[in-house]
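Here is a report on one protein chain, written for someone new to reading structures.

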Amino acid sequence: MIRGVILAIVALAFIALTSVASLQFACAADTPSSEAASGHFDADAATAAYLATMTPAARARSDAYFEGGYWLVLWDFLFGLLLAWALLGWRFSTRMRDFAARLTRFRWAQTALYAIQYFILTTVVSLPWAAYEGYIRERQYGMSNQGLGSWLGDQAKGLVITLIFGTLAAVAIYAVIRKLPKTWWLWGSAVAIGFLIFQIAISPTYLEPVFNKFYPVAESPLKQRILSLARANGIPADQVYEFDASKQTTKMSAHVSGMAGSAQISLNDNLMNRASPEEVEAVVGHEMGHYVLNHGYKGVLAFGVLIVIGFAFMSWAFQRVTLKFGGRWGLRDVGDVAGLPLLVALFSVYGFVLTPVFNTITRSMEAEADAFGLNAVRQPDGAAQAALHLAEYRKMQPGALEEIIFFDHPSGWNRIHRAMVWKAENFSAADIAAYDALHRPPGVNK
Ligand SMILES: [Zn+2]
């Protein structure tokens, strides 16, 4: 049995490492050299012209905002550990368990009651920190105009969703732990992956509309162009939606969501209000890339493997930690729901260490979607404009290692440079002259 389990872990680790290695390779290969570019267009100079449109002050602000985010990763992690330690060390956790046990004799109901207390308590205690991170800091940097009442409303909605799905997940996973105390990590991770897929599946229809209004985009040539791009790329969508993201943020975004034969193209109102038509096309092309390249399924597969390994780590580390502290914290065994804060803390240790791996998986898929978008809509300057807009909140030109560790999307410089290399290699001199006359990119003499 144990040998089988070890073999399974080794096999999964091998799959994860090889997939990460191939993604790393994809990443290294997707920083193209403009040496291959044709003589009629200088991709490096065009990239520099785009970067020069950003003032030093805007650049400094975006760098400070994004680099501050690196520290938030650390503080979030440490705050979570501190909270878990307080719940266990001061025996809040065992008290919540005993309280639940007094209310009902059903084990699953005790788990549910514990989970409800846990989610409410951790949300309330974390609220000041969450407010700094998601409300005060966002407003300081001009990333949001949301009022406090509206922000708190969103937090309350988020808590209700967590209470429903988090409690269901806790009941299901603890049922597995108690039934299969030796191999629970394997079956428990299957349950966790099931919940992940369920969440992705219901999110566009049931979760996103909780926070934002979605409505069809008014008729326009741009809308017809987007629908024709959808048909050209085999995306079954006959409507384009806009949503009121400006309620929460000034950031631009869009997504094409849906699984198993359905698709919804959604553009946020910041994009519709601030972007040029070629920029909207470039962004939509990128999002269509995620859909056509099955990034939803691939992401579930890649993260699924990491979840299985993470659960194996949790199971192993839980035993080690409770051997030393279990008595002091009043924990009985792994099936004791009072150990939930410890399981969550252990998974957060794993997630923290794997931050560069998670980021590299998503960043590689983002680079693929960029390439797909360029080929599909042929709007290199639209793509460059979008990268410039996104650089309002994402550091434009990080170091290579910095990008691998912290970036879940390619940096602005990388995206603009790739778009300009694409332009050099896929447009003739005549194409470029006609295209530039229409779109007037920076650095072009009119
Ligand atoms: Zn993307």
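With 446 residues, a compact globule would have a radius of gyration near 22 Å, and this chain comes out at 24 Å, which agrees. Keep in mind that you're looking at a predicted model. Picture a box of roughly 80 × 50 × 45 Å along the principal axes: that's what the C-alpha atoms fill. Inside the chain, 48% of the 446 residues count as buried. Take the contacts with a separation of 6 or more: 77% of them involve residues 24 or more positions apart.

What is the chain built from? It has 17 helices and four strands.

Let's start with the strands. They form an open sheet in the order E1-E2-E4-E3, with mixed pairing. Strand E1 (214–216) and strand E3 (254–257) stand at the edges with a single partner strand each, so one side of each has no neighbour in the sheet. From one strand to the next, the twist averages 30°.

Now zoom in on the pairs. Strand E2 (residues 240–243) and strand E4 (residues 264–268) run parallel, joined by four bridges. Look for Tyr241, whose bridge partner in E4 is Ser266. There's a helix here too: H10 (residues 277–292) packs on the sheet and touches E3 and E4, its direction making about 35° with that of E3.

On its other pairing, E4 is joined to E3 by four bridges, and these two run antiparallel. Here Val256 stands opposite Ile265 in E4. Which way do the residues of E3 point? Ala254 and Val256 point one way, while His255 and Ser257 point the other way, and all are buried.

Next, the nonpolar cores. The largest one holds 33 residues, and Trp184 and Phe311 touch the most other members. Several helices supply at least two residues each to this core, among them helix H3 (56–89), helix H7 (184–211) and helix H12 (340–353). Helix H11 gives the largest share, nine residues.

Which residues does Phe311 touch, leaving aside its neighbours within four places in sequence? The contacts are Ile173, Trp184, Trp185, Gly188, Ser189, Ala192 and Phe347. Apart from this core lies another, of 25 residues, including Val240, Leu267, Val284 and Tyr291.

Among the buried ones are Pro380, Asp381, Gln385 and His389. What do the buried residues of H14 pack against? Their partners are helix H2 (43–52), helix H9 (269–274), H10, helix H13 (355–377), helix H16 (412–426) and helix H17 (429–439).

Let's finish with a few single residues. Ala86 lies in helix H3. Is Ala86 buried or exposed? Its relative accessible area is 16%, and because the cut-off for buried is under 20%, Ala86 counts as buried. Leaving aside neighbours within four places in sequence, Ala86 is in contact with Arg91 and Phe92.

Arg91 has a positive phi although it is not a glycine, and Arg378 has a positive phi although it is not a glycine either. You'll find Arg91 in the loop between H3 and helix H4 (92–103), and Arg378 in the loop between H13 and H14. Arg91 counts as partly exposed, and so does Arg378. Here are their values:

| Residue | Phi | Relative accessibility |
|---|---|---|
| Arg91 | about 60° | 34% |
| Arg378 | about 55° | 38% |

Methods
Residues numbered from 1 in each chain as written. Predicted model: local features only at pLDDT ≥ 70, side-chain atom pairs only at ≥ 80, totals over all residues. Heavy atoms only, no water. Pairing = 2+ DSSP bridges. Axes fitted to C-alpha atoms, helices over the stretch in contact; angles between N-to-C directions. Contact = heavy atoms within 4.5 Å. Rg over C-alpha atoms; globule rule 2.2 N^0.38 Å. Buried < 20%, exposed > 50% of the residue type's maximum accessible area, 1.4 Å probe, protein only. Core = buried A, V, L, I, M, F, W, Y, C linked by side-chain atoms within 4.5 Å.
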